[in-house]
Amino acid sequence: MRSSSARAWQELLALLCSVWLWVGAAQRTGPTPTAQSQGPKLKFRLAGYPRKHNEGRIEVFYNEEWGTICDDDFTLANAHVLCRHLGFVAATGWAHSAKYGKGVGRVWLDNVNCGGSEKSIADCKSRGWGNSDCSHEEDAGVICKDERIPGYVDSNVIEAEQNQVEELRLRPVVSAARKRLPVTEGVVEVRYKEGWAQICDEGWNPKNSRVVCGMMGFPAEKKANRNFYKRLKRAAKIKSRSPGPGARPVSKARPKHKHREDFGVPKRLYLERQQLSYRLHSVACTGNEVHISMCPFEFYKGNATAACKGGMPAVVSCMPGPLFATGSSPKKQQQRQQQQGQQRVRLKGGAKAGEGRVEVLKNSEWGTVCDDRWNLLTASVVCRELGFGSAKEALTGARMGQGMGPIHMNEVQCTGSEKSLWSCPYKNITAEDCKHSEDAGVRCNIPYMGYETTIRLSGGRSRFEGRVEVALGTGSSGGPTWGLICGDGWGTLEAMVACRQLGLGFANHGLQETWYWDASNVTEMVLSGVRCAGHEMALSHCQHHGNSLNCKRTGTRFAAGVICSETASDLLLHAPLVQETAYIEDRPLHMLYCAAEENCLSSTARNANWPYGHRRLLRFSSQIHNNGRADFRPKAGRHSWVWHECHRHYHSMDIFTHYDLLTPNGTKVAEGHKASFCLEDTECQEDVAKRYECANFGEQGITVGCWDLYRHDIDCQWIDITDVRPGNYILQVVINPNYEVAESDFTNNAMKCNCKYDGHRIWVHNCHIGDAFSEEANKRFEQYPGQLNNQIV
């Protein structure tokens with residue numbers, strides 16, 4: 001009995017074990033949701049507009065279908081994982097609400113929650129593949145750090161979807177035009193798979209051309225000679241025909257029939273022997289679109305080579321803006337603008353041409369535009385008005401730095417067809433509407449000029465620094481010959497142009513010695529005497545010695561170098577305060593010993609009867625704001641600061657500000673005070689904390705959003721006008737006059753005021769930042785002296 005019951009228990013245990021093993025085996029053979037290797041193969045790409053190589057709408061290829069990711073609960077950690085899929089080391093940001101346009105197909109993932117260290121997006125928590133309640137208005141985008149993972153092989157470059165157009169070009173067909181930049185006329189082609197395809201011109205109109213020209217960086221289109229391209233097309237067909245088997249070869253001794261055979265097409269034409277492949281037709285733009293993908297159009301299906309039987313490839317001809325016109329220079333452009341009248345819209349704070357904070361002129365005063373309802377259509381009006389193409393980005397939130405002064409416009413609503421921003425409907429600003437933290441900006445499409453191909457950096461520790469090398473001619477290998485630039489006279493302005501040409505933002509430093517960088521592959525010195533004004537787009541636009549090298553120190557260690565930065569400071573003087581606080585003081589000499597030690601007095605003070613007598617001083621307060629996107633820091637480190645015992649503080653810059661009194665024609669009558677100040681944050685905006693303080697050998701500088709105040713009653717805050725006769729003058733204040741520290745904009749570093757001095761009192765009026773006054777303004781000032789400031793103390 002006991003043995004039978006034991007046998008029954010053994011049979012029951014065996015049955016239970018077999019069931020457990022079967023269930024366990026069934027569970028192990030099921031799909032593992034987080035194991036990418038056992039699931040469908042994932043691919044990733046960036047899409048949308050305005051897409052860049054390191055930012056765009058994130059799309060994932062799952063289950064043989066491309067789809068998007070919803071922005072619900074999206075975080076920077078998610079972006080880190082996705083950017084690593086794309087071959088970048090990390091993410092710097094992400095975008096919501098379909099910033100790069102709405103995708104198509106499935107929304108594959110929703111409520112994604114990554115920790116940031118996952119190897120695959122499939123390892124992150126989510127609602128599961130294809131389980132989403134989102135629309136494509138919630139498509140997420142990522143902004144990846146522009147640094148590749150070492151050893152990364154770019155296997156995620158996937159051609160655009162069948163119903164998307166993201167890249168476009170103009171292909172010139174005249175051989176001379178192929179070498180000349182910018183390309184202003186040619187066949188319109190769209191990127192398709194690994195090549196390019198054409199657009200059928202049936203129904204093509206000037207509005208379509210306007211959109212294409214805007215994408216290419218041109219403000220307007222012009223009529224192309226369609227008959228010329230028709231003849232070219234026929235000639236290309238004849239030239240591309242190959243004789244059949246047994247055909248009689250064409251005799252070479254019949255030159256008189258050449259023109260007849262070529263249908264009047266001259267020799268200079270570049271006839272590319274390729275079979276046309278049409279991709280689009282029936283394009284119907286309104287002319288205001290910023291990208292052709294926003295226009296209605298249709299794709300060809302099936303055999304594209306047999307399409308467009310009644311037409312030919314679409315051809316577009318564009319009108320370049322003044323900055324890019326053939327034979328144009330910044331000086332010529334400025335003269336052209338003066339002939340057309342004063343410009344009422346400008347860009348400030350951008351590193352490259354065609355980008356910056358939008359500023360407008362109203363009632364003779366420059367101000368900014370609030371970003372409420374700011375969009376690509378309105379931004380495109382600004383871009384075209386300034387001679388660029390359509391807008392690539394409409395920037396909000398003071399992305400190009402905060403302006404000063406009034407905010408002139410709010411809720412600007414352009415349709416895209418206006419000639420000027422002032423032609424668009426807008427609202428005036430009230431005190432509570434906007435702050436400068438909402439200043440609008442733009443990035444415009446500009447023509448491709450190829451400037452970056454003639455310059456490079458070598459020896460630096462990152463791509464943002466190194467010795468500057470320029471391409472000169474062609475070497476024996478067929479490539480360009482590279483050489484170094486002499487460091488003599490090389491400074492911040494030259495470095496600004498080099499960084500702009502390289503597309504690396506602003507100059508942090510312009511270096512005359514580069515001995516501390518790697519010199520294993522150094523080239524010879526080939527260029528000297530480079531002198532730039534700072535606004536040029538390429539070093540070739542600056543003055544230099546040409547082919548004759550004239551360098552005092554030709555060793556590699558004395559080659560010119562740069563350190564570039566994506567952001568820069570921007571100092572600006574608060575002009576009204578100077579006007580409000582200016583007055584004259586007769587100060588006894590016995591109180592000026594420290595000032596004399598620091599060269600704050602006129603040279604004639606040396607011959608005075610010390611300590612008797614006095615000096616007449618024009619005193620005023622100055623408030624210097626940092627409106628840039630990086631802190632203003634002195635070039636010299638603390639180890640080289642100079643201690644001044646008399647005033648008992650350190651000077652971090654030998655020359656920070658010049659104060660001068662000039663005649664109306666610009667002649668200096670009072671020696672400029674070369675001020676060397678202690679830099680610190682006196683006050684800041686509400687949401688900005690002070691970072692710099694001079695006391696106790698503290699760090700010196702001016703934080704973004706802060707200002708340094710020098711009161712009228714401190715030493716050296718004056719101009720010595722003891723020897724100045726009564727008359728009309730210009731008070732000039734220049735910050736950072738020697739460009740020792742890089743800024744995003746040096747044009748706003750000078751302030752000029754009209755002054756009337758009668759020998760006892762002084763009137764200061766019409767203080768403005770930047771441009772000098774015209775003779776007409778000085779005449780008006782003579783008739784109306786303006787504000788009477790404090791009398792002699």
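Which residues is D110 in contact with, leaving aside its neighbours within four places in sequence? I looked this up and got C70, D72, S126, R127, N131, S132, D133 and C134, where contact means heavy atoms within 4.5 Å.

Notes on the source. I am working from a predicted model, in which local features need pLDDT of at least 70, side-chain atom pairs count only at pLDDT 80 or more, and totals for chains, interfaces and linings use all residues. Residues are numbered from 1 along each chain as its sequence is written, and side-chain values use heavy atoms, with hydrogens and water left out.

D110. I placed D110 in the loop between β5 (106–109) and β6 (141–144); helices (H or I, at least four residues) and strands (E, at least two) are DSSP runs, numbered from the N terminus. D110 has 0% relative accessibility and counts as buried, a term for under 20% relative accessible area with a 1.4 Å probe, protein chains only.

Whole chain. I counted 12 helices and 39 strands in the protein chain. Of its 793 residues, 48% are buried. Among contacts between residues at least 6 apart in sequence, 70% join residues at least 24 apart.

Helix α9. I checked residues 492–502 and found 11 of the 11 buried, so helix α9 is largely enclosed by the rest of the structure. The buried residues include E494 and R500. I then looked for what they pack against, and found β20 (455–458), β23 (506–511) and β25 (561–565). Just after α9, G503 takes a positive phi of about 75 degrees.

Disulfides. I searched the whole structure and found 16 disulfides, each a pair of cysteine sulfur atoms within 2.5 Å. I looked at two of them.

C486 is joined to C551, S to S 2.0 Å. The torsion about their S-S bond is about 75 degrees, so this disulfide is right-handed. C486 lies in the loop between β22 (480–485) and α9, and C551 in the loop between β24 (525–527) and β25, so the pair ties together parts 65 residues apart in sequence. I found both C486 and C551 buried.

C600 is joined to C716, S to S 2.0 Å, and with 90 degrees about the S-S bond the link is right-handed. C600 sits in the loop between α11 (593–597) and β28 (614–619), and C716 in the loop between β35 (706–710) and β36 (718–720), so the pair ties together parts 116 residues apart in sequence. C600 and C716 are both buried.

C755. C755 is buried, with a relative accessible area of 1%.

Key: Buried means under 20% relative accessible area, exposed over 50%, partly exposed in between (1.4 Å probe, protein chains only).
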